[in-house]
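Colleague: Could you take me through one part of this model closely, beginning with a single charged side chain and its partner, and then show how that part connects to the rest of the chain?

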Amino acid sequence: LFITYTHSNGGGAEKILTTLVNNLDSEKYDTSIFEIVRYDVKQEPLNKNIRLLPPLYHCKDRDYKIKVLDYILEQKPEIIRSRLNLDVFDIIISWNYQLPSFMLPAFPDKKTIAWFHGAIDDLDISDNSTAVKSRYDLQKKAWSFADKVVTISRKSLQSLETVFPEYMHKAQIIHNAFDLKTTNLKAAEKIEDTCANCLLPIIICAGRLDKNKNFSLVVKAVAKLKTENIQCVLFIIGEGSERESLIRLAAESGITDSVFFLGYKQNPLPYISLAQLLCVSSLAEGFPTVVLESMALGKPFVTTQVAGASEELSDGGKCGLVADWNVDDYAEKIKMLLTNTALYNKISSNCLERIKEFSVESTVLQFDNLITSLPEKPNTAADGILSKKEAFKQIRAIYVWHPANMLNNIKLSVKRFQATKKIYHFMLLGYHILRFLFYILTAPCRIFTAKKLFIRAKEDSDECL
């Protein structure tokens, strides 16, 4: 069983997981995927032998029940195990850290693997942040239940050593599975957009338009290149919260006619094939699939100093150029690839050769060896496992009354106000106190509405069967 945050939001983690499970030996593995949240943005095509279980909830759900489920996932995952009939699986793999991995303590009797896809520096508690400490403790507990810890790059492994050195003895690197044949087939599909007829060199960004992807750096770099009479256009593929601010930035920089916002594309590969190079400007990454796709199409890339791309994939500048997080350096790296034909052709050739080392066949072989290496567990299947009846009782009890999160918010607000004495923090404290009082007053109502939650829990459970 692979437990992932989502398998339906069109991201790289979903694509990587799909590539892996679709290439596993169906005679050897009976494989299922459980996604915590369903987004319905893009459903990666799974082979018929792979089961996609019903999600814990849909992203469109924003009610009180979701807060209950989040609390259960973090504090009592054994309820979810019982509710969704997950006892039948003998190997559990959490596909990334935080929420998916919080399910691991529910499976002390199973073989378990914790697989994470990027640096975990956000869990560093050296600054003694209360909020980080809480997440750190949850992660530390979750990974204590893992027989093996797998990550995808040297930088990710280094972050594990920094944050959780006690787990290094069971850690290893397995690079993301990459299907070269499928990539080339998808890249050959026709493009309907009129921008495909552009005669200027094209550079491309692809991903969610959020602050982490940092596409504003590329927009600024294109504006700088224009002042130096370096002609090019920028294609930005993706949707997200930063779209409007990026459009404004392009207008303010005077390059509206050089930046094309193409929106989300089910298949971005033909656009990457059309471009001269790929730009990765992220603040953090794991092992970006889009870079592998770019390399497979012989397209060099410019990347910031993020995991995977700046080390294994750039290969010391042989396949891509690594830039700082400043406009001048980033623009200079783009300029080098657009103006130096000999350098461009050499890097393009290196990309086509280097990508062969990340074949799906190699990843599947490493996966097989990983599964074989898992230690046997004692026969304690019945110890501590909740019955469905008891699980439903606990769900209802938590639904009616679990004020821990609200009390923590009040405590944090008190600490903030004591530290700064700002009106805003005083008002925030008052807000959390009023919410808690309302929560107390509405507790009797939840006793009557809990029946509906109970029925839905049973329906989900039967669906998994």
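Modeller: In this predicted model, Arg81 has a relative accessibility of 3% and therefore counts as buried, the limit being under 20%. Asp109, with 11%, is buried by the same cut-off. Arg81 and Asp109 form a salt bridge, and their closest N and O atoms are 2.8 Å apart. Arg81 belongs to helix H3, while Asp109 sits in the loop between E6 and E7, so the pair ties together parts that are 28 residues apart in sequence. Elsewhere, salt bridges with shared partners join Lys224, Glu228, Asp328 and Lys335 into one network. In general, side chains of opposite charge can pair when their charged atoms come close.

The structure holds 23 salt bridges. One of them links Lys15 and Glu293, with the closest N and O atoms 2.9 Å apart. Lys15 is in helix H1 and Glu293 in helix H10 (residues 289-296), so this pair connects parts separated by 278 residues in sequence. Lys15 is partly exposed, at 22% relative accessibility, whereas Glu293 is buried, at 5%. Another salt bridge brings together Glu44 and Lys42, at 3.6 Å from N to O; both Glu44 and Lys42 are buried.

Let us return to helix H3. The loop between helix H3 (77-83) and strand E6 (91-95) contains Asn85. Asn85 has a positive phi of about 55°, although it is not a glycine, and it is buried, with a relative accessible area of 12%. Most residues other than glycine have a negative phi. Asp40, in the loop between strand E3 (37-38) and strand E4 (51-53), also has a positive phi, of about 65°. Asp40 is exposed, however, at 56% relative accessibility.

Strand E6 leads us to the sheet. Its 7 strands, paired in parallel, form an open sheet in the order E4-E2-E1-E6-E7-E8-E9. E4 and strand E9 (171-173) are the edge strands, each with a single partner, so one side of each has no neighbour in the sheet. On average, neighbouring strands are turned by 25° against each other, direction ignored. Strand E1 (residues 2-4) is joined to E6 by 3 bridges, and Phe2 stands opposite Ile93 in E6. Helix H14 (residues 360-373) packs on the sheet, where it touches E1, E6, E7, E8 and E9; its direction makes about 135° with that of E7.

E2 in turn pairs with E4 over 3 bridges, and Ser32 stands opposite Arg51 in E4. Both faces of E2 (residues 32-35) are covered: Ser32 and Phe34 on one side, and Ile33 and Glu35 on the other, are all buried.

In soluble globular proteins, nonpolar side chains tend to be buried together.

Definitions and conventions. Residues numbered from 1 in each chain as written. Predicted model: local features only at pLDDT ≥ 70, side-chain atom pairs only at ≥ 80, totals over all residues. Heavy atoms only, no water. Helix = DSSP H or I, 4+ residues; strand = E, 2+ residues; numbered from the N terminus. Buried < 20%, exposed > 50% of the residue type's maximum accessible area, 1.4 Å probe, protein only. Pairing = 2+ DSSP bridges. Axes fitted to C-alpha atoms, helices over the stretch in contact; angles between N-to-C directions. Contact = heavy atoms within 4.5 Å. Salt bridge = Lys/Arg side-chain N within 4 Å of Asp/Glu carboxyl O.
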